[in-house]
Amino acid sequence: MSELTITLLRLGYLALLWVLVLFAIGVLRRDLYGTRITDRRRRKAAVPAAAAAAAVATEPARPETAPTRTPRSARSGSGPSRLVVTEGPLRGTIVPLGTSSVLIGRAPGCTLVLDDDYSSSRHARIFPQDGQWLVEDLGSTNGTFVADQRVEAPTPVPTGTPVRVGQSVLELQR
């Protein structure tokens with residue numbers, strides 16, 4: 001072998017060792033400092049307020065009329081309006097329910113980010129379908145349970161029924 005080949009092999013080996021060291025440092029940093037949780041409510045609330053202010057400034061004046069309100073029961077039906085964490089590290093957390101699904105897990109992109117070693121990054125999904133709310137396990141390691149029954153397929157969740165995701169227990173409430 002030529003000396004150039006041996007030198008290139010040494011440099012390649014050295015680069016590979018540095019990649020391994022940097023990877024190990026990244027894993028240790030994530031273990032020590034955990035997942036960064038961003039406050040999406042503040043960011044989402046700022047955008048509609050600015051848009052509403054711009055709309056009011058450009059809108060012509062209209063005569064004042066009494067707002068028409070629909071009864072609460074007609075607006076939301078008799079279904080749940082919020083998802084509440086009743087047990088676990090995030091006990092007391094409330095997620096308002098709308099028409100979109102709620103993704104639950106450790107990943108920062110989830111709607112409800114759990115700081116729990118027993119939940120997966122994308123653990124479960126709670127979603128509305130045909131006037132009821134269903135829970136679906138997304139292939140988690142430890143499973144999702146509705147009233148102590150393991151979820152194998154999308155399962156209806158009645159209001160007030162406990163849903164266990166890792167160490168956290170969630171409930172749909174009105």
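The model is predicted, so local features need pLDDT of at least 70 and side-chain atom pairs count only at pLDDT 80 or more, while totals for chains, interfaces and linings use all residues. Residues are numbered from 1 along each chain as its sequence is written, and side-chain values use heavy atoms, with hydrogens and water left out.

**Overall fold**

- The secondary structure of the protein chain comes to 3 helices and 11 strands; these are DSSP runs, with helices (H or I) of at least four residues and strands (E) of at least two, numbered from the N terminus.
- Along the sequence the pattern is α-α-α-β-β-β-β-β-β-β-β-β-β-β.
- Of the 174 residues in the protein chain, 24% are buried; buried means under 20% relative accessible area, exposed over 50%, and partly exposed in between, with a 1.4 Å probe and protein chains only.

**Open sheet**

- An open sheet with mixed pairing is formed by 5 strands in the order E4-E3-E5-E6-E9; two strands pair if DSSP finds at least two bridges between them.
- E4 and strand E9 (155-156) stand at the edges with a single partner strand each, so one side of each has no neighbour in the sheet.
- E6 and E9 pair in the antiparallel sense over 2 bridges, and leucine 134 stands opposite proline 156 in E9.

**Nonpolar core**

- The largest nonpolar core has 19 residues, and Leu83, Ile104, Leu112, Val135 and Leu170 have the most contacts inside it; such a core is a set of buried Ala, Val, Leu, Ile, Met, Phe, Trp, Tyr and Cys residues joined through side-chain atoms within 4.5 Å.
- Strands that each supply at least two residues of this core include E1 (82-87), E6 (132-137) and E11 (168-173).
- Leucine 83 touches several residues (contact means heavy atoms within 4.5 Å), among them Ile94, Ile104, Leu112 and Leu170.

**Aspartate 116**

- Aspartate 116 is found in the loop between strand E4 (112-113) and strand E5 (124-129).
- Aspartate 116 is buried yet has no salt bridge, and the nearest side chain of opposite charge, arginine 106, is 7.1 Å away; a salt bridge is a side-chain nitrogen of Lys or Arg within 4 Å of a carboxyl oxygen of Asp or Glu.
- The side chain of aspartate 116 reaches the backbone nitrogen of glutamine 167 at 2.6 Å.

**Positive phi angles**

- Most residues other than glycine have a negative phi.
- Aspartate 130, in the loop between E5 and E6, has a positive phi of about 55° and is exposed at 76% relative accessibility.
- Alanine 147 has a positive phi of about 50° and is partly exposed, with a relative accessible area of 42%.

Key. Lys and Arg count as positive and Asp and Glu as negative; His and the chain ends are not counted. A polar contact is a pair of N or O atoms within 3.5 Å; within protein, one must be able to donate a hydrogen and the other to accept it, and residues adjacent in sequence count only if both atoms are side-chain atoms. Lists of a residue's contacts leave out its neighbours within four places in sequence.
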